[in-house]
Amino acid sequence: MHAPTPEDLDAVTAQLGRAARGVRAIAHRCPCGLPDVVQTEPRLEDGTPFPTMYYLTCPRACSEVGSLEGSGLMAAMTARLATDAGLARAYLAAHEAYLAERAELGDVPEIAGVSAGGMPDRVKCLHVLLAHSLAVGPGTNPLGDEIVGMMSPWWTSGRCVSSSAESDLGDRS
């Protein structure tokens, strides 16, 4: 993870179509070089608790994940958690790892015990699970890792947004 530069924050703002909030670090970079996952503070500047520690920002990746969500994948994954004890244990461990890492960022009693994406016993947001796996790497979140494997390379058609640095250079990249 790396502290965000002003150019990173500009890119994330352009990706989201709104001001980036609570960005603590760039948790993952797309092969195109832009951030695609940010690590957020557990409490936003206005005091709002924010349980989503890893936030997917690339609109192309978000769109593809949205298509996976629309396919019924979340229900199928949740059903597998009910019948596959090994998967359920690994998903619970991902939940616990998420909580432990977020606790290192700060204590927010309002979200104590709440991770993200439906962990530990259901799947309610593939975006969060993908972001978690991209940020921490393979082997922590089994369902996030599956989503990574289902994704096509969203960066192949170039950057999803132009960064301010590229604009300053006249888009000579």
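Me: Where does P120 lie?

Reply: Welcome! This is a predicted model, in which local features need pLDDT of at least 70, side-chain atom pairs count only at pLDDT 80 or more, and totals for chains, interfaces and linings use all residues. Residues are numbered from 1 along each chain as its sequence is written, and side-chain values use heavy atoms, with hydrogens and water left out. Helices are DSSP runs of H or I with at least four residues, strands are runs of E with at least two, and both are numbered from the N terminus. P120 lies in the loop between helix 4 and helix 5.

Me: What is omega, about, for the peptide bond that joins M119 and P120?

Reply: In general, most peptide bonds are trans. The bond joining M119 and P120 is cis. Its omega is about 10°.

Me: Which residue's backbone nitrogen does the side chain of T78 reach?

Reply: T78 sits in helix 3, residues 73–83. Leaving aside neighbours within four places in sequence, T78 is in contact (heavy atoms within 4.5 Å) with D121, R122 and V123. At 2.9 Å, the side chain of T78 reaches the backbone nitrogen of V123.

Me: How many Å separate the C-alpha atoms of T78 and V123?

Reply: T78 is partly exposed because its relative accessible area is 24%; buried means under 20%, exposed over 50% and partly exposed in between, with a 1.4 Å probe and protein chains only. Along the sequence, T78 and V123 are 45 residues apart. In space, their C-alpha atoms are separated by 5.4 Å.

Me: What kind of pair do the rings of F50 and Y55 form?

Reply: Rings of Phe, Tyr and Trp (its six-membered ring) pair if their centres lie within 6.5 Å, and planes under 30 degrees apart count as stacked, over 60 as edge-to-face and the rest as tilted. The structure holds 3 aromatic pairs. F50 and Y55 have ring centres 6.2 Å apart and planes at 40°, so the pair is tilted.

Me: What kind of pair do the rings of Y54 and Y98 form?

Reply: Their centres are 6.2 Å apart and their planes are at 85°, so the pair is edge-to-face. It links distant parts of the chain, 44 residues apart, with Y54 in strand 3 (residues 54–56) and Y98 in helix 4 (residues 85–105). Both Y54 and Y98 are buried, and the kind of pair asked for is edge-to-face.

Me: Which residues are closest to the centre of the largest pocket?

Reply: A pocket is an open set of points on a 1 Å grid over the protein atoms alone, with protein on both sides within 12 Å along at least five of seven lines; a cavity is a set of points where a 1.4 Å probe fits but cannot get out, and lining residues have an atom within 4 Å of a point. Grid points are joined across faces, edges and corners, and a volume is the space filled by probe spheres set on the points. The largest pocket has a volume of about 160 Å³. Of its 13 lining residues, the closest to its centre are S115, A116, G117, G118 and K124.

Me: What is the volume, about, of the largest cavity?

Reply: A search of the whole structure finds 1 cavity of 30 Å³ or more. Residues lining the largest cavity include F50, Y55 and T57, while helix 1 and strand 2 (35–40) each supply at least two. The volume of the largest cavity is about 80 Å³.

Me: Which residue caps the N-terminal end of helix 6?

Reply: Helix 6 spans residues 142–150, and its buried residues are P142, L143, G144 and I147. What covers them includes helix 2 (59–70), helix 3, helix 4 and helix 5 (126–136). At the N-terminal end, 3.2 Å from the backbone nitrogen of L143, lies a side-chain oxygen of the capping residue, N141.

Definitions and conventions: A polar contact is a pair of N or O atoms within 3.5 Å; within protein, one must be able to donate a hydrogen and the other to accept it, and residues adjacent in sequence count only if both atoms are side-chain atoms.
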